Amino acid sequence: MSTVPPEAEAEILAELRRLRARVPQLTGALAASADGLVLAQDSAAAEGETVAALTAAALGVAQRLSDSTGQGGFRELLVRGEHGYVATYAAGEAAVLTLTAETRVNVGRLHLEARRSSLRIAELIDHTLGRRGAGSRPAPPLPPVPPTPPALPA
């Protein structure tokens, strides 16, 4: 089922649970690989594999739409249904975070908290895969060394 080691899956699941605690109107949280495999889920619903597969399909369309309209790489997708929201956020290049929420959720708060969690999940996955975390940045370059002034005549 999962493409990450059990300890990484446990850490991702813990992040999903923290996210659900910060946004109580969430009804489900799922981390999946970009190709539709469940990494971890915190939901009473048992359809994690179905949601992960549909997320992968929607991700492909969203990526093409974002790219073809000149908006750059995919970051997030929000679907508002009659009974609530489905929101998907990029979690690095290899994974996504998909959330379901009640209609009364504060969408701004949802975005804020989900963006934080997606960065954390990206870091966990990248660490597991031995890559630099998506949220980490390389050290800034050193400032240029000023040229040495010419020697003064004696």
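The second largest pocket of this predicted model has a volume of about 160 Å³. A pocket here is an open set of points on a 1 Å grid over the protein atoms alone, with protein on both sides within 12 Å along at least five of seven lines. Grid points are joined across faces, edges and corners, and the volume is the space filled by probe spheres set on the points. Residues are numbered from 1 along each chain as its sequence is written, and side-chain values use heavy atoms, with hydrogens and water left out. Because the model is predicted, local features need pLDDT of at least 70 and side-chain atom pairs count only at pLDDT 80 or more, while totals for chains, interfaces and linings use all residues.

- The lining has 13 residues, and the closest to the pocket centre are Gly28, Ser43, Glu47, Val51 and Thr100. A lining residue has an atom within 4 Å of a point.
- β1, β2, α2 (48-68) and β5 each supply at least two residues of this lining.
- Which element gives the most to the lining? It is β1, with 4 residues.
- The lining divides into 5 nonpolar, 7 polar and 1 charged. Nonpolar covers Ala, Val, Leu, Ile, Met, Phe, Trp, Tyr, Cys and Pro; charged covers Asp, Glu, Lys and Arg; the others, Gly among them, are polar.

**The overall build**

- The protein has 3 helices and 5 strands. Helices (H or I, at least four residues) and strands (E, at least two) are DSSP runs, numbered from the N terminus.
- From the N terminus on, the order of elements is α-β-β-α-β-β-β-α.
- Of the 154 residues, 35% count as buried. Buried means under 20% relative accessible area, exposed means over 50%, and partly exposed lies in between (1.4 Å probe, protein chains only).
- Among contacts with a separation of 6 or more, 46% join residues 24 or more positions apart. A contact means heavy atoms within 4.5 Å.

**The sheet**

- Strands of a sheet pair through backbone hydrogen bonds, either parallel or antiparallel.
- Here, 5 strands form an open sheet in the order β2-β1-β5-β4-β3, with antiparallel pairing. Two strands pair if DSSP finds at least two bridges between them.
- Neighbouring strands are turned by 10° against each other on average, direction ignored. Axes are lines fitted to C-alpha atoms, for helices over the stretch in contact, and angles run from 0 to 180 degrees between N-to-C directions.

**Strand β1 and its partners**

- β1 is mostly covered, with 7 of its 8 residues buried.
- β1 (residues 26-33) pairs with β5 (residues 95-101) in the antiparallel sense over 7 bridges.
- Leu97 in β5 is the bridge partner of Ala31, and Thr98 in β5 is the bridge partner of Leu30.
- β1 also pairs with β2 in the antiparallel sense, over 5 bridges. Across this pairing, Leu30 stands opposite Gln41 in β2.
- The hairpin of β1 and β2 has 4 residues between the strands, and Gly36 takes a positive phi near 95° there.

**Helices against the sheet**

- Helix α1 (residues 6-22) lies across β1, β2 and β5, and runs at about 35° to β2.
- Helix α3 (residues 107-128) lies across β1, β2, β3, β4 (84-91) and β5, and runs at about 35° to β4.

- Glu15 has its place in helix α1. Is Glu15 buried or exposed? Glu15 counts as buried because its relative accessibility is 6%. Leaving aside neighbours within four places in sequence, Glu15 is in contact with Arg22, Ser117, Arg120 and Ile121.
- Asp42 lies in strand β2. Its relative accessibility is 15%, so Asp42 counts as buried. Not counting residues up to four places away in sequence, Asp42 touches Leu13, Leu16, Arg17, Arg20, Gly28 and Ala29.
- Ala90 is found in strand β4. At 17% relative accessibility, Ala90 also counts as buried. Beyond residues up to four places away in sequence, Ala90 touches Phe74, Arg75, Ala95, Val96 and Ser118.
- Ala90 and Ala31 are 59 residues apart along the chain, and 9.9 Å separates their C-alpha atoms.

How values were computed:
1 Å grid on protein atoms, 1.4 Å probe; cavity = no way out; pocket = protein on both sides within 12 Å on 5 of 7 lines; lining within 4 Å.
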